[in-house]
Every structure is written in C-alpha cells, then in structure tokens.
Amino acid sequence: MNPGELLFAETHEWVHLAANDNDTIATVGISAFAVEALTDLVYIELPDPGQAVTVGGSFGEVESVKAVSDLYSPVEGEIIEVNTDLPNELETLGQDPYGKGWIIKIKLTNDSNLNQLLNFDAYQKQCSEEG
C-alpha cells in the first residue's frame, strides 16, 4: 500500500479503508517510523478474530529488545482477520510495514472518529517533531 493514501493515529498505527459489500473494512498496521523506533522486534501479541475494539483501546502488544509497546486501535469495530504469519516472521514489520506487515482487519461499526486520524503529511510532521 502507498503510505500517502493511508490514515494514521497519533500512536503510530496506520489504517487503510476499503468497501466490502455494505461494510467498511479497515486494515491496520504500525508505521515504518514506529518499527524503526522500536528496533529489534522479538515478540508480537495478536488478538483473536471476533474481538471488539474501540478507538484508542489496546488490541495487542509488540515487544522489542528495548521496550514493550501496546498496539492501539485507530477505529471502532470487530476484528475479522489477524495476520497469523507475523509472530514467526517479525522481520516483515520492518521490511514491508504497509503491505505484508499488516496486523489486523476490522469491520467498522462506527466511522465517526475517522476525521481525527492524520493524513500522511500531518503524520510525517508529527514524526519529525518527535525526532
């Protein structure tokens, strides 16, 4: 996916929205900036499909040699798919964070918060300010 077409949460998760019949499906991952900041990843905890998520709610965690970081949902809905390859292929998060490195797919139940997400330019500005 092209990062310029994604939306971003201030907590470094990205969102790609796609229509599927009458539903909107959000594919969620973490940004290249976040992966670089975490450095050597050693573990990821993934949720189960069917789990409900709320905006800003934790749905898992990623662990590096430096720290453990929660993964926060940028949207509200139900997890319908999980990238089960990631725990055994953590390098995918660094090699292709906006493609094969996706983490979960969520069927939206409420899209009222989407306007609070950042576009790519605003997110890049945030990252440069964080240094």
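Biologist: What makes the contact between lysine 125 and glutamate 129 a salt bridge?

Modeller: In this predicted model, the side chains of lysine 125 and glutamate 129 meet at 3.1 Å, N to O. The cut-off for a salt bridge is a Lys or Arg side-chain nitrogen within 4 Å of a carboxyl oxygen of Asp or Glu, so the contact qualifies. The structure holds one salt bridge.

Biologist: Why is lysine 125 called exposed, and why does glutamate 129 count as exposed?

Modeller: Exposed means over 50% relative accessible area. Lysine 125 has 53%, so the term applies. Glutamate 129 has 58% relative accessibility and therefore counts as exposed as well.

Biologist: Why is valine 42 called partly exposed?

Modeller: The relative accessible area of valine 42 is 47%. Buried requires under 20% and exposed over 50%, so valine 42 falls in between. This residue sits in strand β4 (residues 41–45). Together with Tyr43 and Val65, Val42 makes a nonpolar surface patch of about 280 Å².

Biologist: How do you know that strand β5 and strand β8 pair?

Modeller: Strand β5 (residues 52–53) and strand β8 (residues 76–82) share two bridges in the antiparallel sense.

Biologist: What makes β8 and strand β9 a pair?

Modeller: Six bridges join β8 and strand β9 (residues 104–110), again antiparallel. The requirement is at least two, so these strands pair. Glutamate 81 stands opposite lysine 105 in β9.

Note on methods. Residues are numbered from 1 along each chain as its sequence is written. This is a predicted model: local features need pLDDT of at least 70, side-chain atom pairs count only at pLDDT 80 or more; totals for chains, interfaces and linings use all residues. Side-chain values use heavy atoms; hydrogens and water are left out. Patches are made of residues with over 30% relative accessible area and no salt bridge: like charges are joined within 9 Å, nonpolar side chains (Val, Leu, Ile, Met, Phe, Trp, Tyr) within 5 Å. Accessible areas come from the Shrake-Rupley method with a 1.4 Å probe; for residues, only the protein chains shown count as cover. Helices (H or I, at least four residues) and strands (E, at least two) are DSSP runs, numbered from the N terminus. Buried means under 20% relative accessible area, exposed over 50%, partly exposed in between (1.4 Å probe, protein chains only).
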